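Hello,

Here is the structure we talked about handing over. Please open it first, then read the notes below alongside it.

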Amino acid sequence: MENYEAYFMIGGGLTSLGKLIAVLASGILLAKQRNWSTILMFLGSVLSIIVSLGFLLLTTFSAQEGPESVVKVNALGSIITPLPYILFVIGLLLFATKQVKKQQQGN
């Protein structure tokens, strides 16, 4: 039988690495250009880490109460987890449209 726990650990590590890179990149953009789009991108990337850690803790504590509690926390997580990504993508969309407008005005 394969060691699936290692796969989950590697997947979690890669996810964490991606989130940290997103915070770093959006932080650099925020330092260079302070506007609504970069603020939304930075806020979304930071909130994604906070939400992930929060649901990790909630799942751990809910496991002590029983399986039904774990299912409720996971259901809530499936709704709340995408919200920071939506915030990040809205900021990215605003940033991209602003860059396209700048390029069109420059031509």
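**Helix α4**

Helix α4 has 25 residues, and its first and last C-alpha atoms are 36 Å apart, close to the 36 Å expected at 1.5 Å a residue. Keep in mind that this is a predicted model. Three residues of α4 are buried: Pro84, Gly91 and Phe95. Their cover includes α1, α2 and α3.

Take Pro84, which sits in helix α4. Its relative accessibility is 5%, so Pro84 counts as buried, the cut-off being under 20%. Setting aside neighbours within four places in sequence, Pro84 is in contact with Gly44, Leu47, Ser48 and Val51. Of these, Gly44, Ser48 and Val51 are also listed among the buried residues of α2. Pro84 and Ala6 are 78 residues apart along the chain, and their C-alpha atoms are separated by 27 Å.

**Helix α2**

Helix α2 has 28 residues. From first C-alpha to last it reaches 39 Å, close to the 40 Å expected at 1.5 Å a residue. Its buried residues are Ser37, Thr38, Leu40, Met41, Gly44, Ser45, Ser48, Val51, Phe55 and Ser62. What do the buried residues of α2 pack against? They pack against α1, α3 and α4.

Ser45 counts as buried because its relative accessibility is 2%, and buried means under 20%. Not counting residues up to four places away in sequence, Ser45 touches Ala22, Val23, Ser26 and Phe88.

**Helix α3**

Helix α3 covers residues 67-80. Its 14 residues should span 20 Å at 1.5 Å a residue, and its end C-alpha atoms are 20 Å apart, which agrees. Ser69, Val73 and Gly77 are buried in α3. Seen down the helix axis, the buried residues of α3 fall within an arc of 75°, so they line one face of the helix. An α-helix has 3.6 residues a turn, so residues three or four places apart point the same way.

Asn74 and Met9 are 65 residues apart in sequence. In space they are 19 Å apart, C-alpha to C-alpha.

**The largest pocket**

The largest pocket has a volume of about 240 Å³. Which residues line the largest pocket? They are Gly12, Thr15, Ser16, Lys19, Leu20, Ile49, Ser52, Leu53 and Leu56. The largest share, 5 residues, comes from α1. By class, the lining has 4 nonpolar, 4 polar and 1 charged residues.

**Where to start**

Begin with Ser45, which touches Phe88 among others. Then go to Pro84 and its contact with Gly44, one of several. Finish at the pocket, with Lys19 and Ile49 among its lining residues.

Best wishes

Technical notes: Residues numbered from 1 in each chain as written. Predicted model: local features only at pLDDT ≥ 70, side-chain atom pairs only at ≥ 80, totals over all residues. Heavy atoms only, no water. Helix = DSSP H or I, 4+ residues; strand = E, 2+ residues; numbered from the N terminus. Expected span 1.5 Å × (residues − 1). Buried < 20%, exposed > 50% of the residue type's maximum accessible area, 1.4 Å probe, protein only. Arc of directions from axis to C-beta. 1 Å grid on protein atoms, 1.4 Å probe; cavity = no way out; pocket = protein on both sides within 12 Å on 5 of 7 lines; lining within 4 Å. Points joined across faces, edges and corners; volume = space filled by probe spheres on them. Nonpolar A, V, L, I, M, F, W, Y, C, P; charged D, E, K, R; others polar. Contact = heavy atoms within 4.5 Å.
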